[in-house]
Amino acid sequence: MVHAIRFHQAGGPEVLTWEEVEVGNPGPGQVKIRQSAIGLNFIDTYHRSGLYPVPGLPCIPGMEGAGVVESVGEGVTSFSPGDRVAYAGGPIGAYAEVRLMPADRLVPLPSWIDDKQAAAMMLQGMTAQFLLRSCHKVMPGETILVHAAAGGVGLILCQWARKLGATVIGTVGSDEKAELARENGCTHPIVYSRENFVERVKEITGGAGVPVVYDSVGKDTFMNSLDCLHPRGLMVLFGQSSGAVPPVDLGILAAKGSLYVTRPTLFSYTAKRDDLMTSAADLFDVVHSGDVKIEVRQTFPLRDAAEAHRALHARATKGSSLLLP
């Protein structure tokens, strides 16, 4: 028996409980991993609250982790006991000391990445990769808008976009977070609690607007973000930390300049093994070069996952956070 965090019904952080679970042996195509670090992400709160339905209850949440292979199931030839691996994205179940994973969803770790860094970078880093290189291919000289620029994905987006030659405008919740975003490649941080970000974007761009907005906030920022785009610009909604965006009259997109909107997920962009490995390799390259730095800014014991979720809801975290078994 090992320990894991589970919830037996949807609800607030208080439904997360520390329990003994039985993992069993890996089946065909599976790998058993003893985890050393687990990524903490806002999507975990969506699963816990019921906003995103889970396959069944009780459920172990979590989408990201790193550790060492303990054993492999029938047909697995790509990994062996002792290999260091990481993953991001389904199936959920990362909040555990030991877990089973499909071998084809695992990425081998190079020696220069430690387990904590890996667990802090896979989901957020590969999300940044597909946002910048696939959703909208950011080009040198472009100016882009990133909401929650001091968050986990936000800090990676700012650094990576700077490396690509773009100018980043980013919204943040405090002066402290504004300075953090600036240190990580955001040229124009906007403290949204006292500044109108639409007016500031128009001022910074000379009234032109931006070609793309990367928005993980949702309800509180979506409609105003449309006013930041130039004609035929792209609104990329990849999260909803402030709540779901209400139904939108698509005629608004025409009225505001023939705009585009997409609601992407990491899984859609890494569903094929080749795409997963390409995304991870791209991420590893920019981290290894030093163009993108992954810093773990908060850690919580795995048994205190409820406290970690409360910190997320309170927007009390900055950058990447980990749960440690």
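Buried means under 20% relative accessible area, exposed means over 50%, and partly exposed lies in between, using a 1.4 Å probe and protein chains only. Helices (H or I, at least four residues) and strands (E, at least two) are DSSP runs numbered from the N terminus. This is a predicted model, in which local features need pLDDT of at least 70 and side-chain atom pairs count only at pLDDT 80 or more, while totals for chains, interfaces and linings use all residues. Residues are numbered from 1 along each chain as its sequence is written, and side-chain values use heavy atoms, with hydrogens and water left out.

**Helix 10 and helix 1**

Let us begin with helix 10, where Ala305, Ala306, Ala308, His309, Ala311 and Leu312 are buried. Their cover includes strand 1 (2-6), strand 3, helix 1, strand 14 (296-301) and strand 15 (320-324), where contact means heavy atoms within 4.5 Å. Just after helix 10 comes Arg315, with a positive phi of about 55°.

In helix 1, the buried residues are Asp44, Thr45, Tyr46, His47 and Arg48. Strand 3 (30-40) and helix 10 are among the elements that cover them. Gly50 follows helix 1 and has a positive phi, near 95°.

How do the two helices meet? The axes of helix 1 (residues 42-49) and helix 10 (residues 305-313) come within 10 Å and cross at roughly 110°. Axes here are lines fitted to C-alpha atoms, for helices over the stretch in contact, with angles running from 0 to 180 degrees between N-to-C directions. Helix 1 and helix 10 are therefore roughly perpendicular to each other; angles under 35 degrees count as roughly parallel, over 145 as roughly antiparallel, 65 to 115 as roughly perpendicular and the rest as oblique. On the helix 1 side, Phe42, Asp44, Thr45 and Arg48 meet His309, Leu312 and His313 of helix 10. The residues of this contact of helix 1 with helix 10 divide into two nonpolar, three polar and two charged. In this scheme Ala, Val, Leu, Ile, Met, Phe, Trp, Tyr, Cys and Pro count as nonpolar, Asp, Glu, Lys and Arg as charged, and the others, Gly among them, as polar.

**Helix 2 and helix 9**

The axes of helix 2 and helix 9 (residues 273-288) come within 9 Å and cross at roughly 105°. Helix 2 and helix 9 are therefore roughly perpendicular to each other. Among the residues that make the contact are Met121, Met122 and Met126 of helix 2 and Leu276, Leu283 and Phe284 of helix 9. By class, the contact of helix 2 with helix 9 has eight nonpolar, four polar and two charged residues.

**Pocket and cavity**

On a 1 Å grid over the protein atoms alone, a cavity is a set of points where a 1.4 Å probe fits but cannot get out, and a pocket is an open set with protein on both sides within 12 Å along at least five of seven lines; lining residues have an atom within 4 Å of a point. Grid points are joined across faces, edges and corners, and a volume is the space filled by probe spheres set on the points.

The largest pocket has a volume of about 1100 Å³. It is lined by 49 residues, and the closest to its centre are Phe42, Val153, Ser216, Phe238 and Ser241. Helix 1, helix 2 (115-135), helix 3 (152-163), strand 9 (167-172) and helix 8 (266-270) each supply at least two residues of that lining. The lining of the largest pocket divides into 23 nonpolar, 21 polar and five charged residues.

The structure holds one cavity of 30 Å³ or more, and the largest cavity has a volume of about 70 Å³. Its lining includes Leu155, Gln159, Asn184, Lys293, Glu295 and Arg297. Helix 3 gives the largest share of this lining, four residues. By class, the lining of the largest cavity has three nonpolar, six polar and three charged residues.

**Backbone details**

| Residue | Phi | Place | Relative accessibility |

The peptide bond from Leu57 to Pro58 is cis, with omega near -5°. Pro58 sits in the loop between helix 1 and strand 4 (64-72).
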